[in-house]
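Here is a short report for a reader new to this structure.

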Amino acid sequence: METGLIAIGAALAVGLAGLATGYAQARIGAAAMGLIAERPEMAGRAILLVAIPETLVILGFAVAAMLIVLL
Amino acid sequence: MTKAQILGPRREVERAVTELQRLGRVEIADARAANGIEGLRGEKLRASRRDDLRSLAAQADGLLAELDAAGAGQADRVEHALDLNALKDELDRISTPVDELRRCLEALRDERLVLPGYLEPLRRLLPLVPELAELDDEALRQLRLGTVALVLNTEDEFVVQTLRGQLSEELGKKFALLSTRIEAGAIGCLIVFPYADRAAVQALLGRAQVRHVALPEAFEHLSLHAAVDAIERRLAELPQAIAAAEDRRRALLVPHAGRLRELRAGIAGELERLEAVGRVGVTQRTFIADCWVPRRQLAALREEVEARLGTAIVVEDTAPSPRDPDAPVLMRNSRLARPFEPLVSFLELPRAGALDPTLMMALFLPLMFGAMVGDVGYGAVLLAIALVARRAYRVRTPLLARLSWVLVAGAVWSIVFGVLFGELFGDLGQRVFGDWAVWRYRPAADTLEPLLLLAVAMGAAHVVLGLGLGALEAIRFGEGRELFDKLGVLLVLGGLFGLAGWAAGHLPSGALTPAVAAAVVGVVLVMSLHGAIGMITGPLELIGTLGKVLSYLRIAAVGLASAHLAAVANELGTIGPIWMGVLVATFFHAMNVALAAFSPTIQALRLHYVEFFDTFFVGGGREFTPFGRPPGADTQPTS
């Protein structure tokens, strides 16, 4: 029972963080594609901006890993 | 990069500029404003000539584009002043027959687009009047009949009824109106009426603002059947006619390709010279040209200027500030690090005088890539792909060939980490040889914690290195505030790592006090540097730095996902007969290799661009573009 709850908690940590990252990346990505279409030389900057929200899911992964390792 | 000032007698300015163009070593800056002197007279004439040259360049580019050929290329750009009239005549001689063929091609392509629009309505109308469809204009006239075909852009039959009513008012019962639905939103109609009433019908259609289908002239006087057949034949002929016209156009242009490139290079060269001459400053008797040149090439420039222009023209080093914001940037790295330069400039070039992170990227990017892929088999496959790509693209796309070295380095590190993790196409190695991991097999249950620690340790080392480099840069340029900011963050990180080590039992209890002290001093230092607002921004900056370190957990996350996918591929391979298992496993491994080439590259790049560069990198540099070298040409000097 306890293992199952830990697993659900870990899945929620990664899953919700993944959804949040996806939402943020979708919004930023659409704007970034518009930017690249007008100014291709800004592609590097645009990719950087798209990559920033990924930290959310990595932090979710860290929380999930802590739940599994420490509990 | 330094700024050399080339001074000489005013009468020598044209020759000096031409020789500097031949040398291809310097970038000419505007000497007028910098030295408070005037430019050469005749700017209006030069501007007018530049406009003429640009117009001719556009004409030459248009012809080269028809050949799918590159523009100026590497041809000699230094020629004497071009004779614009002769140049225009020559380009006109080449382009006149080509323009005729272009017009012919456009007409053929238009025909191919337009004819199907006539064909469908006619095909639909034919069954309505099978006998009438056999009659051409002449036959209809002999029968004293006229016809008009219409396309109504509506699906509403009421429009047809209205038209029928209006025709009745005009012609009584002396007409026939047939209609059918052609496609969604369009009704085709055919009106048959006495030829004598043709004008009245046309006037009625004009008042009702209905357009009739006017066939192209070639099909106008044919019967409906004959027109449909003729349009179909024409549509079948058109692809061949277009291909033949394209071949003729190419045959006209190919003999002139070399000359066109030569002319385009000449135009580009003179445009460059005119712009360079406009930037030169002059006094009553002398000229001054400010030139950016790589510092180590200054001596060679002096020697070459003296050899080509004589001792009357001298080169002075103005020794500008290393961080001059106007200075262009030329990255200079060892042969092994050079393939990584495009990855740095993809984000942006370092500002003049700032640290070039290419070497750091060359060291750490493949390492992180390898830590994520971590499989001997995948590493070997990627190595083979990279070597083949390098051979294939060496001539056609040198940039891709250079970047293939990045993949080679990443693949080698993948093999190294593959040995550490004991992975050969996932757990295939474990199944065949038993546990052969030098360190730990990643998907094993007890490996998660050490793997996470490894990723965080890599992140901590990388971020601390970046902060250290930032501190060194701050010392180099005497930026005390920046230096203390970096030191404060380093102290906090050191203190937190000490606390973590003590909490995990890896450090003795005596380490607790210095760790707490370092963290507290660091926090106070960072907060105090930003004034009152530092009470908020200081802790936020520190949390951001911790986030940067934790962000390296993606190395473990992406690596674990790849290892589990490989294990799943092997597991699926055991289901069913051997041949099917091999096929299924090969398919999933191929998919995983493709992912392994893509995802770790993006993640490793992101860790550099966002986490690492943020600690020390100062971007915003402008690329050094030597006068006399075409854009994109190798900027390494040649003798």
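## Chain B as a whole

Among contacts in chain B between residues at least 6 apart in sequence, 76% join residues at least 24 apart. The model is predicted. Chain B holds 22 helices and 12 strands. Its radius of gyration is 38 Å, whereas the globule rule gives 26 Å for 639 residues; chain B is therefore more spread out than a compact globule.

Along the principal axes, the C-alpha atoms of chain B fill a box of roughly 115 × 90 × 55 Å. Of the 639 residues of this chain, 34% count as buried.

## A pair of helices

Helix α13 of chain B covers residues 358-373, and helix α21 of chain B covers residues 553-573. Their axes come within 7 Å. They cross at roughly 40°. An angle counts as roughly parallel under 35 degrees and as roughly perpendicular from 65 to 115. α13(B) and α21(B) are therefore oblique to each other.

Which residues meet in this pair? From α13(B) come Met368(B), Ala371(B), Met372(B) and Val373(B). They meet Ile555(B), Val558(B), Gly559(B) and Ser562(B) in α21(B). The residues of this contact divide into 6 nonpolar, 2 polar and no charged.

## Nonpolar cores

The largest nonpolar core has 85 residues. Four of them touch the most other members: Phe61(A), Ala455(B), Leu553(B) and Ile555(B). α21(B) gives this core its largest share, 10 residues. Ile555(B) is also one of the residues of α21(B) that meet α13(B).

What does Ala455(B) touch, leaving aside residues up to four places away in sequence? Its partners are Tyr552(B), Leu553(B), Ile555(B) and Ala556(B). A second, separate core has 29 residues. Among them are Ile28(B), Phe287(B), Ile288(B) and Ala289(B).

## Where chain B touches chain A

The contact between the chains joins 15 residues of chain B to 13 residues of chain A. Which elements give two or more residues to the chain B side? They are α12 (341-347), α17 (448-476), α20 (534-551), α21 and α22 (578-612) of chain B.

The residues on the chain B side divide into 9 nonpolar, 2 polar and 4 charged. In the contact of α13(B) with α21(B), by comparison, there are no charged residues.

Terms used: Residues are numbered from 1 along each chain as its sequence is written. Chains are lettered from A and ligands numbered from 1 in the order in which they are written. This is a predicted model: local features need pLDDT of at least 70, side-chain atom pairs count only at pLDDT 80 or more; totals for chains, interfaces and linings use all residues. Axes are lines fitted to C-alpha atoms, for helices over the stretch in contact, and angles run from 0 to 180 degrees between N-to-C directions. Helices (H or I, at least four residues) and strands (E, at least two) are DSSP runs, numbered from the N terminus. Angles under 35 degrees count as roughly parallel, over 145 as roughly antiparallel, 65 to 115 as roughly perpendicular and the rest as oblique. Two residues are in contact if their C-beta atoms, placed from the backbone, lie within 7 Å. Ala, Val, Leu, Ile, Met, Phe, Trp, Tyr, Cys and Pro count as nonpolar, Asp, Glu, Lys and Arg as charged, and the others, Gly among them, as polar. A nonpolar core is a set of buried Ala, Val, Leu, Ile, Met, Phe, Trp, Tyr and Cys residues joined through C-beta atoms within 7 Å. A residue is buried if 20 or more other C-beta atoms lie within 10 Å of its own, exposed if 12 or fewer, and partly exposed in between; C-beta atoms are placed from the backbone. The radius of gyration is taken over C-alpha atoms; the globule rule is 2.2 Å times the number of residues to the power 0.38.
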